[in-house]
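Dear colleague,

Please find the structure below. My notes on it follow, and I would be grateful if you would read them alongside the coordinates.

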Amino acid sequence: MNIKEMSAKEYFFLIAIITAFFLAFLYISPKIFSDYTITVLSNIYIFIILAVSYNLINGVTGQFSLEPNGFVAIGAYVTAILMLSPELKEEMYMLASPLPLIRDIFIPNPFFALIISGIVAALVALTLAFPVFRVRGDYLAIVTLGFGFIIRTFLINTPEISNGSMGLDSIPGFASYFWIGVVCLVTVILIYNIVYSKFGRAMKSVRDDEDASLAMGVNTFKIKTIAFMTSAFFEGVGGGLLASSIGSISPDQFTFMLTFQLLIIIVLGGLGSMSGAILGTILVLGGMEALRPLDDASWSIGLIHGIPGLRMVVFSILLLLLMLFARRGLLGDKEIWDYVKLKKRINNG
Amino acid sequence: MDISFILQQVINGFSLGSMYALIAIGYTLVYGVLRLINFAHGDIMMVGAFLAFIFLGILTEWKFEHITMSVFLTAVGLSIIFTSIIGVLTYVVAYKPLLDKNAPKISLLITAIGISFFLESLFNVIANQYFGGSYQSFYFPEIFSKIIKIGNVTIPVLTIIVPVLTLLLLGLVLYILYKTKIGIAIRALAFDIQTVKLMGADSNKIIAFVFALGSALAAIGGVSYAMVYPSIDPYMGMLVGLKAFAAAVVGGIGSVTGAVIGGFILGFVEVAIPGFFPELGGWKDAFAFILLIFVLLFKPTGIMGIDFERQRF
């Protein structure tokens with residue numbers, strides 16, 4: 001059965017089954033696995049949210065962008081500011097007293113806080129998209145990369161909004177393992193539906209041939225902007241979850257390193273593939289954990305011994321090798337079930 | 001506001017601007033030929049500064065004392081040569097295989113980011129392992145830090161040497177581009193790569209030369225940067241490189257003179273705004289990108305107004 005040829009009823013049934021299984025897994029796993037595994041798993045869920053939404057602009061729409069760290073930072077700060085109570089903020093802002101608006105705004109409901117974080121990130125994306133998508137070329141990459149630095153400069157230089165380089169802490173920890181998993185599932189389902197909708201087809205047409213899709217009447221500027229905003233929205237939500245699960249945030253947490261990790265993830269999985277992004281997240285984050293000893297100076301096997309920073313050398317070589325020899329990643333731009341289907345067809349002759 | 005203060009700002013702006021200009025030329029050359037934002041270019045600049053530091057260390061047996069002019073120039077010269085080689089290597093190893101395979105543009109950009117990150121983390125490991133930390137002070141002959149005083153204006157010798165050097169190098173690059181055979185080849189390549197190949201020119205050699213030239217300029221830019229701030233670190237190239245790219249776009253990417261003009265504009269903006277409005281000092285790093293966004297909004301072709309699809313250089 002091909003997922004794209006399913007009737008609406010069958011499709012909902014499939015989604016319901018996946019949801020039920022995943023929820024059962026979320027419920028059972030804390031009882032089976034150690035705390036360490038659960039921490040790694042919830043980190044993986046957050047990165048799946050980020051990777052899948054990053055893939056939407058980079059892989060599906062084909063616009064090379066380096067934005068995640070900026071939007072994740074926005075999401076994290078908005079969630080933190082919304083969820084901290086006015087008294088707590090009054091106490092915490094040491095470098096300058098908070099602006100009245102920032103101090104008084106208080107939305108303790110995590111659901112609304114996350115949604116607002118996403119909307120703020122999406123609005124910022126809109127203002128960036130306007131100058132960038134008007135011109136062809138690779139300006140998106142450089143503007144978004146610069147945007148990360150602007151956000152950092154902003155966070156450090158406006159102590160009355162963000163508490164400067166001190167950052168914010170004691171952020172309510174609503175993002176438990178279970179709820180992170182639920183948000184991750186919802187995000188994946190939503191983005192899957194976008195990718196395989198009318199908009200998704202338009203996005204792919206922009207990637208494959210912008211001139212042809214313009215000629216077919218696709219408003220490429222609008223499509224690119226929508227893809228960028230959607231991507232920013234979910235990155236903002238992911239940032240909110242990250243802030244809550246860590247509990248404290250500061251401008252130095254959201255460096256280009258974060259974007260680089262996500263880039264490796266989606267390239268490894270295959271640009272444009274949803275299941276590839278998920279697979280990539282699991283492999284890269286698992287690999288990062290496994291290679292952790294490389295950064296530890298006291299670790300050694302024979303001649304190889306750990307040097308702080310060595311892990312990132314290994315990962316950048318990995319990215320280069322991937323691009324040079326396996327540019328299409330693990331899954332190409334197909335989904336994992338496309339391969340299953342292919343195998344079945346071969347079996348059936 | 002007295003005149004000497006303004007003069008002081010102008011001199012500082014010139015000095016900073018010329019460093020951006022040196023790096024921006026490299027971006028613009030590669031962009032003109034390959035239509036590729038060479039993300040690694042900023043890190044090539046870092047490599048240039050680090051290699052100069054390492055050669056200086058070797059020549060002075062890691063004491064960095066009594067550096068004479070000849071020792072310094074030898075170290076910088078070696079650094080320029082090796083940085084050019086590394087620049088050409090990035091093309092041969094990372095970009096050429098993809099260009100040969102006709103890979104989509106996005107693959108090239110990702111590879112460029114990969115190279116950039118590789119150089120940063122590699123030099124981070126080297127610095128941590130052998131020099132005992134990421135940040136290192138940069139040493140140079142004392143004559144450069146001498147200060148000339150004219151009235152109330154204090155001018156470090158360095159802030160005169162760097163802009164003069166930049167203008168000389170700009171002249172050299174323009175001479176190469178417009179008066180030599182390889183320059184004609186580069187301009188032809190920027191115009192139409194396929195026809196150049198059909199004419200029997202070895203496009204690979206020409207592109208490799210472009211990378212070598214850009215990297216050599218970046219190495220000089222890196223050394224001047226290291227001398228002005230007297231320190232180096234493995235991540236210094238990223239922000240400077242991005243700003244220099246913004247400068248190249250402001251000046252009109254593809255145009256060498258445009259890159260230099262853009263570099264000077266950015267240098268003046270970064271010096272003048274904090275100079276006249278001290279409360280905006282912390283925002284210095286954001287100016288380049290705000291400038292970039294404005295240029296993209298109102299004049300995407302930049303000051304020199306080069307039309308991408310037709311004429312370059």
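Predicted model: local features only at pLDDT ≥ 70, side-chain atom pairs only at ≥ 80, totals over all residues.

**Domains of chain A**

In chain A, eight residues of domain 1 are in contact with nine residues of domain 2, contact meaning that the C-beta atoms of two residues, placed from the backbone, lie within 7 Å. On the side of domain 1 of chain A that touches domain 2, five residues are nonpolar, two are polar and one is charged. Here Ala, Val, Leu, Ile, Met, Phe, Trp, Tyr, Cys and Pro count as nonpolar, Asp, Glu, Lys and Arg as charged, and the others, Gly among them, as polar.

Residues are numbered from 1 along each chain as its sequence is written, and chains are lettered from A and ligands numbered from 1 in the order in which they are written.

**Interface between the chains**

Between the chains, 34 residues of chain A are in contact with 35 residues of chain B. On the chain A side, α6 (110-134), α7 (139-157), α13 (256-269) and α15 (310-325) each give two or more residues; helices are DSSP runs of H or I of at least four residues, strands runs of E of at least two, both numbered from the N terminus. The most comes from α7(A), with 12 residues. By class, this side of chain A has 26 nonpolar, six polar and two charged residues.

**Nonpolar core**

The largest nonpolar core has 205 residues, and Ala246(B) and Leu292(B) have the most contacts inside it. Such a core is a set of buried Ala, Val, Leu, Ile, Met, Phe, Trp, Tyr and Cys residues joined through C-beta atoms within 7 Å; buried means that 20 or more other C-beta atoms lie within 10 Å of a residue's own, again placed from the backbone. Helix α1 (residues 3-34) of chain B gives the most to this core, with 15 residues. Domain 2 and domain 3 of chain A both give residues to the core, so it lies between them. Beyond its neighbours within four places in sequence, Leu292(B) is in contact with Val143(A), Gly146(A), Ala246(B), Val249(B) and Val250(B).

**Chain B**

Chain B has 11 helices and four strands. Of its 313 residues, 49% are buried.

With kind regards

Methods:
Buried ≥ 20, exposed ≤ 12 C-beta atoms within 10 Å, placed from the backbone. Domains from an automatic or database assignment.
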